[in-house]
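The stops below go from the whole chain to single side chains.

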Amino acid sequence: MELTRAKPRQYVEFRIPLAESQKGQTEMGQYVEQLKGFAQSVLLGQSCLGYNKLLIMGYIQEAIRCKQAPELSAQLDQHLKTTIESMFNNVNEENAALESQGVENEHRNEQILNRIELCWCHLRAALSDLIQVCSQLESAAPGGFSIWKDAMQYFKENLEAGHRMKDRLMVAMLDKIALYRNGGEVTFCQLRNIVEMFTFVNSYDTFEEKVIAETRDHYRRLAEEVLSRNPVTQAYSIFREKIQHEEECCSKYLIKSTVQKVLDTLKVQVLQLNAEKLMKPTDLKNIINSDDIQSMKVLLALYADTEWISLLHDAIFDAAQRIGDDITGEFLSLVQGAGAANAPEQCFDYIRKLHGFKMHLDATVKNTLPPNVDFKAKEHNLWQRIINANDRTIEATTVALAAYADGAPNTTNVQSFIEEDCGITFIMRLFRAIVNKSKFEILFRSMISTRLLYEHHLSQAHEQIVIKLREECGAAYVSKLEVIISDYKGSSKVATEFPAYREEYITQQVEPNFDFSALVVSKETSIRNAKRAHPETEDDAQEWEDVSAQNCTTSPMAEVQLQVAQRLQTEFAEFYSSRHKNRSVTYLPDLGSALVEMEIKGESYELKLSICQAYCLLSLNTKETISLSDLREVMGEEYNEIRMRKHMAPLNAGENPVVTFIKPGLTFENCTEEDSFELNPNFVPEAKLCDVQFKDQILEQLTVTENANAITEDITPIIEATIVRHLKSNLVDKSSNVFKVCVAKHSSLDRFEFNKILDSLAERDFVKVDTQADTITYVP
């Protein structure tokens, strides 16, 4: 396509000849009437095609040149005033006619709304055309003549002068707002035009106040109705829909600042004033327990970006605490009589229920809270409040957690227990929340010691728990636990080395026809105190080992086999002492075990027994009846009557006892040493492996003796005062020396607690700690 150069436009100057004044006046009058007619047509929304805008603009230009601008502007101004007055007069006349016909106020108000909105639209469009045509006149007329300003002023005066017209208009607007709030259809562009009109005539502030007041009343009634007729979770969705609908509608006709004010008013009436009902603890508990994620999301969305969101977060975690308290309360009632230490199954169930509660919490709270909420800190605080509610709860939960850490790996897959959230990860989560971590260490150490003594086995999970405890609390905290793990691993090595030692050093060997092994447990790490005093030694640094004869798998044999077993114990003590020069050993026969094979009516059974019980049954292998005095003779120095009666009691217990007394009615509690008993001829084990071993209640002893006041007594002030007083006198000292001084003051103090107290003093500038030199210096 070829472009060609267009010819320039020729401008034609329009002039009205004024040679003859009379004729000029007549022609000028015609142009004034054309200007007025054009103005009236555009103001009334009529067609203005019959008017030549260019001609009118030329006339205005010529009038300005002839200095007739003041007169022309005055005539135009008067015409605007008259035309606008006629517009409002027509509206009033129509309204009066409806009133005479008995039309209801609501319809009359709507008629005013429709007519005034139409007048406003016509005026707005007309002013645009008039300003375009008369722009030169506005510039030339004296006194600041403004078509827009004057027209707005006349419109405002007529609106306010009308018989309650503005009030009816506002009422009609409020009716329209109520209509869409109740689900009706409205034309939002019409509402928008009225709002724009209110803005230009300086009536918007009054309208805004009425809208907010109406919003307040409407949503107060609505909230009461919704909450009275619907479940609270359904009310969440209804309120969310109402808020979204209100925001969407308001944005179509109100200015932005008013939209926010309306929404704020709505939220106050719906969310703040009904917060107690919307955040009711029982409802929040049901949402968490039932994994009602949708309801939680809706509730959080309702309060998002409001000043009450923190109140909702607190309410959610308070409800979660109530769930945890319910679980804890149920557990405490179950173990009230026997105590948590003697109810391992209840302990396991309790920790599993806490984990189930955590899974609910993760699903409904953790996965729905916004990223700016520190869920980890809130969850940690939640566990602290649940576990440390009171002394009884702290005690029972600590025992339950230690029992779960010790026993749960043996009821589930070890690898799963290590890797999955319900295992070590959850144990450490609860452990971090426990106030008295020293009590947990004592309990856990006691339990794995008991497991070693009676079950002869620790799993990889126990070792992993100790590793996690070391990462959490440091090496000092787990030092004794690590020794137990190390000794357990070393016991298997010792068991393999012992036969080689016998072949090399024992000249007169009597080969036993049973498996002999020993479990080595350090006295410094074991909770249980030895029942016999250790021999005195000149070496203060010497370490003692408690050795329990562990596995003796045997068929009932003659008395010579008992002598062989005793000789093996002596040989093992010599062997162990030769391998560990700085250690000495003592036997704890009451903690040993034996697996005895029995044949009854052609069927083979195995009985798991303590060493004391094994002595009894092996003696019955050669005698029909025996007594406690016979066992005293067989066991020699190892015999202890009180211990023997305790160990023998399980053999005589229940409806199917292993042994029975010759004299009816006797038990090992009331018999004499000379009363005889025999193997029950009617005894039949309930299973191929029957566990009747006596097991000492170590945890009961622990609760009474070692740490009875660990929870209620706070030793921190005492230890702090002891450290500061000692360093004031010495200025600087080795940390080991200071620790000894503190232990002398309070024997239950361990190194872990000492280090915590020391760190606290250092942070407060009471002392200065040099870890490399291992010294503590007093800070004046």
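This is a predicted model: local features need pLDDT of at least 70, side-chain atom pairs count only at pLDDT 80 or more; totals for chains, interfaces and linings use all residues.

Residues are numbered from 1 along each chain as its sequence is written, and side-chain values use heavy atoms, with hydrogens and water left out.

With a cartoon display, the secondary structure comes to 31 helices and 12 strands; helices (H or I, at least four residues) and strands (E, at least two) are DSSP runs, numbered from the N terminus. Of the 780 residues in the protein chain, 47% are buried, where buried means under 20% relative accessible area, exposed over 50%, and partly exposed in between, with a 1.4 Å probe and protein chains only.

**Colour by confidence**

Next, colour by pLDDT, the predictor's confidence in each residue, from 0 to 100. The chain averages 79, and 83% of the residues score at least 70. Select residues 18-26, where the pLDDT is below 50 and the stretch has two contacts in the model beyond near neighbours in sequence. Then select residues 528-558, also with pLDDT below 50, for which the model has 101 contacts beyond near neighbours in sequence.

**The nonpolar cores**

Which residues touch the most other members of the largest nonpolar core? Select Tyr303, Phe440, Phe444 and Leu469, which hold that place in a core of 91 residues; a nonpolar core is a set of buried Ala, Val, Leu, Ile, Met, Phe, Trp, Tyr and Cys residues joined through side-chain atoms within 4.5 Å. Helix H15 (residues 309-334) supplies the largest share of this core, 10 residues. Domain 2 (280-435) and domain 3 (438-522) each contribute at least three residues to this core, the domain bounds coming from an automatic or database domain assignment.

Centre the view on Tyr303 and leave aside its neighbours within four places in sequence: the residues in contact with Tyr303 are then Leu271, Ala275, Leu278, Met279, Trp308, Ile309 and Leu312. A second, separate core has 63 residues, among them Ala69, Phe88, Tyr154 and Met197.

**Aromatic pairs**

Now show the aromatic side chains. A pair of aromatic rings is described by the distance of the centres and the angle of the planes. Rings of Phe, Tyr and Trp (its six-membered ring) pair if their centres lie within 6.5 Å, and planes under 30 degrees apart count as stacked, over 60 as edge-to-face and the rest as tilted. By this rule there are 20 aromatic pairs.

Select Phe198 and Phe207, whose ring centres are 5.2 Å apart with planes at 35°, so the pair is tilted. Phe198 is buried at 0% relative accessibility, and Phe207 is buried with a relative accessible area of 0%.

Move on to Phe348 and Tyr404, an edge-to-face pair with 6.2 Å from centre to centre and 80° between the planes. Because Phe348 lies in helix H16 (residues 344-366) and Tyr404 in helix H18 (residues 391-407), this pair ties together parts that are 56 residues apart in sequence. Phe348 is buried, at 6%, as is Tyr404, at 5%.

For a cluster, select Phe88, Trp120, Phe155 and Phe200, which are linked by ring pairs.

**Charges over rings**

A charge sits over a ring if NZ of Lys or CZ of Arg is within 6 Å of the ring centre and within 35 degrees of the ring normal. Lys437 lies over the face of Phe431, 5.5 Å from the ring centre, and the charged end of Lys688 sits over the ring of Tyr605, 4.9 Å from its centre.

Is Asp291 buried or partly exposed? At 33% relative accessibility, Asp291 counts as partly exposed; this residue lies in the loop between H13 and helix H14 (293-303), and its phi is positive, near 55°, in a residue other than glycine. Asp305, in the loop between H14 and H15, likewise has a positive phi, about 60°, although it is not a glycine, and is exposed, with a relative accessible area of 82%.

Finish at His218 in helix H9 (residues 204-229), which counts as buried at 10% relative accessibility. Leaving aside neighbours within four places in sequence, His218 is in contact with Arg181 and Asn182.

Notes: Contact means heavy atoms within 4.5 Å.
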